Amino acid sequence: MKVGIDNYCYHRYFGEIYRDQVDPGVRWTVHDFIKRAAELEVGGVSLESCFFPSFDSGYLADVKAALDEYGLERVFAWGHPDGLEAGRNKQAWQEMNTLIPKAPLLGARIMRIVASSKRFRDEPHGPQIEAVVKMLKESVKIAADCGVMLAIENHIDYTSAEILEILERVDSDALKVNFDTGNTLRMMEDPVAAARRLGPYTVATHTKDLDACRHVSPEEWYFFSSVPVGSGLIDIPGVVRALKESGFDGVLAVESDHHKDNQDEDELVAQSVGYLKNLLRELEG
């Protein structure tokens, strides 16, 4: 396994600022993020499509060249904020399908996708899963033709058992999992048990740690907010061991979203990277 970073950690730097956050006063490009990832000496990155200014072949070639220069593994990530909207948004589905062939232009063999979001989690899941499966049965054909593996994230929408149900019903080697450690807790699951269930299918991760916020209503999705990996409520060593025992050998990509108590995201990322590097050394030793 390698340590990596998802650039959503820096969403404020890319101009997405939550209502209770302040503008950092700077703006990053994808290239700025790649440079920072290289400075932190990580082995891989996940790049959110929502932060790409263009998908033309020339721009994607430039990004690929930067990734190649630093020897970074990469995941192309689609779906923020609501993905396929529980299988209801055909325009989003068409957009996702259009972007699948773009992944190889970045040198990415994995494309993270999102089926739904917290907006729909309290509605009946059966009809949602039915609609999502119908869409993905078509999308995996495109992915297979492009040599791309789609990786569905548990996105504060479905439990690990429901994600597994989607995999089984789509029944394609072109559909695997982007396992988000923190979102399991937001669905009130045991993160280690979820890692054991989805580990055999996991090809990418969002390695996120969370802590409860006393000043936030438990009904808010960010009641569990991001903290440096290894300092929160998630049993990160247990999750990583479960993934390793399942055969996962990819990138543990640090991800954060709502930063507890307005913590500095760059410091959060740096601490998380250091923690995970030490943890991997211990596990390998």
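Contact is taken here as heavy atoms within 4.5 Å. The model is predicted, so that local features need pLDDT of at least 70 and side-chain atom pairs count only at pLDDT 80 or more, while totals for chains, interfaces and linings use all residues. Residues are numbered from 1 along each chain as its sequence is written, and side-chain values use heavy atoms, with hydrogens and water left out.

Under this criterion, and leaving aside neighbours within four places in sequence, Thr-207 is in contact with Thr-181, Val-229, Leu-252, Ala-253, Val-254, Glu-255 and Leu-276. Thr-207 is located in the loop between β7 and β8 (209–212); helices (H or I, at least four residues) and strands (E, at least two) are DSSP runs, numbered from the N terminus. The relative accessibility of Thr-207 is 2%, and the residue therefore counts as buried (under 20% relative accessible area, with exposed over 50% and partly exposed in between; 1.4 Å probe, protein chains only). Gln-21 lies 186 residues from Thr-207 along the chain, and the C-alpha atoms of the two are separated by 22 Å.

An open sheet is formed by eight strands with parallel pairing, in the order β7-β6-β5-β4-β3-β2-β1-β10; two strands pair if DSSP finds at least two bridges between them. Glu-48 has Ala-77 in β3 as its bridge partner.

Helix α9 (residues 265–284) lies across β1 (2–6) and β10, running at about 160 degrees to β1. Axes are lines fitted to C-alpha atoms, for helices over the stretch in contact, and angles run from 0 to 180 degrees between N-to-C directions. Helix α5 lies across β5 (149–153) and β6 (175–180), at about 170 degrees to β6.

The axes of α4 (residues 125–146) and α5 (residues 160–170) come within 9 Å and cross at roughly 45 degrees. This makes α4 oblique to α5 (angles under 35 degrees count as roughly parallel, over 145 as roughly antiparallel, 65 to 115 as roughly perpendicular and the rest as oblique). His-125, Ile-129, Glu-130, Val-132, Val-133, Leu-136, Lys-137 and Val-140 in α4 meet Glu-162, Glu-165, Ile-166, Arg-169 and Val-170 in α5.
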